[in-house]
Amino acid sequence: MKRSHLLSSLTLVLTDGLMSMFGFYLAYTIRNFQRGGEIGPFVNYLSLALIQTISIIAVFFAYKFYHRRHAILILDEIYRVAGAISLATLITVALIAFALRETLEIQRAMIVYAWAISLLTVTLGRFVHSRVERVLQRRGVGVYRVLIVGTGEVGRMILQKIQSSPGMGYEVAGFASGNGHSNKVMGLPVLGGINDLPQIIESQSIQEVIIGLPEASHQELVGIVSQCERERVSIRVFPDVFQIMAAEVTISDFGGLPLLTIRDVALRGWKLTLKRLVDVLGSAALLVFSSPLLVLTALLIKIDSPGPAFFVQERMGLDAKPFPMIKFRSMRTDAEASGPGWTTKDDPRRTRIGSFLRRTSVDEFPQFINVLIGDMSLVGPRPEQPSYVEQFRQSIPRYMDRHREKAGITGWAQINGLRGDTSIAERTKYDLWYIENWSLWLDFKILLRTGIKMFFDRSAY
């Protein structure tokens, strides 16, 4: 495992170096073409290219880009690489301007081209590297053998997440259970009890232990961790007290007394103004560009079934205040004659055009009007009906904290597969995490992933 991890890191460094040099060569080619061959051969700029490449690799090391153990999303990769290459380019310019200006000529345009092209080439190289690594991991090369402690709901959820994300590079060897029964859970064996952890870790060549026992006491958890620590494996613990508390927790000093600092809502002050500006510009642009689609959809709904083209329903938004949410009607007009109910797969209440609208999420497009007038945001927790809100607030801890921000057309929970008839408790965790970790980049990432899911998501109905 150590050899495969080292080889992966070394090949990634080599890939970054080659793609950086290739990016600089493309920048030279473009600049040379613009100047009609006046800037001389590439060998004259080889020193500049090497400085740029070394700077990029050094910054990547400083940012711990070579310490990763699992693949990350391509959008996150682009974001990380863009910031690191921008910093490396500034370092290159500084070195040339202050230390090497007598021996190297600064070609401003070429450096700008090299910066822009390197963003593409290095990201492409890392993407290809991760794809190759994923193929090898699927064949058993360089995978991390994992033991899940706990056979309950949390343990099963962890297994499902690992199985649905092969790019993580995990191979689950089995479970360890508090009762130690030798049975199977979701097709995998229970290898023993908690007291058998050292023997299981050694016999199964376990590299990482994930503890999924949120009901365990503090003393029991410490005992489990201490047993795993003796075997020198990585340990991850599914949180207990903080599983509903999505805020970032840090340790701070209070006159020499260590205290846990829990960050509250991230979206405050000028950030609210920035988010509102993005909402107004984004919703206005989307309404203008999608207007032909909106008109066509409204006509098809009217032709398909009797009744209005739009469906207006009261939902709870910011500060738990009700507002009228607008959607295209995708069901019969008498769909809620016996009261509100969750939409289910193959719901008989849907119209023919409604099935398509819900599957592609086109029925949500009129909500851009809600965003434009300020009732909703492009990104945020999905709004629920008042009757459901009253029901959930009684049974789900911190459910009402979702209403500290505006409701959204899409959200962090939705792009992670929690939409439709799914766990409200799980959705709440994702919504709270979004509220307490908001950033403009996070909103853009959610919007991009939502756009992709419109064409490939099979969970919408």
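**Figure 1. Asp-375 in the loop between helix H11 and strand E11.** In this predicted model, Asp-375 lies in the loop that connects helix H11, residues 367–373, with strand E11, residues 376–379. Asp-375 counts as partly exposed because its relative accessibility is 25%, and a residue is called buried under 20% and exposed over 50%. When neighbours within four places in sequence are set aside, the residues in contact with Asp-375 are Phe-323, Pro-324 and Asn-370. Gly-408 stands 33 residues away from Asp-375 along the chain, and the C-alpha atoms of these two residues are separated by 9.2 Å.

Figure 2. Strand E2 covers residues 170–177 and is mostly covered, with seven of its eight residues buried. Strand E1, made of residues 144–149, runs parallel to E2 and is joined to E2 by six bridges. Within this pairing, Tyr-144 stands opposite Tyr-170 of E2. Strand E4, made of residues 188–193, also runs parallel to E2, and three bridges join these two strands. Here Ser-177 has Gly-193 in E4 as its bridge partner.

Figure 3. The largest share comes from H4, which supplies five residues. Val-132, which is found in helix H4, has a relative accessible area of 46% and is therefore partly exposed, given that the exposed class begins over 50%.

**Figure 4. The whole chain as the setting for the close-up views.** The chain holds 15 helices and 12 strands, and buried residues make up 44% of its 461 residues. Among the contacts between residues at least 6 apart in sequence, 71% join residues that are at least 24 apart.

Conventions. Residues numbered from 1 in each chain as written. Predicted model: local features only at pLDDT ≥ 70, side-chain atom pairs only at ≥ 80, totals over all residues. Heavy atoms only, no water. Helix = DSSP H or I, 4+ residues; strand = E, 2+ residues; numbered from the N terminus. Buried < 20%, exposed > 50% of the residue type's maximum accessible area, 1.4 Å probe, protein only. Contact = heavy atoms within 4.5 Å. Pairing = 2+ DSSP bridges.
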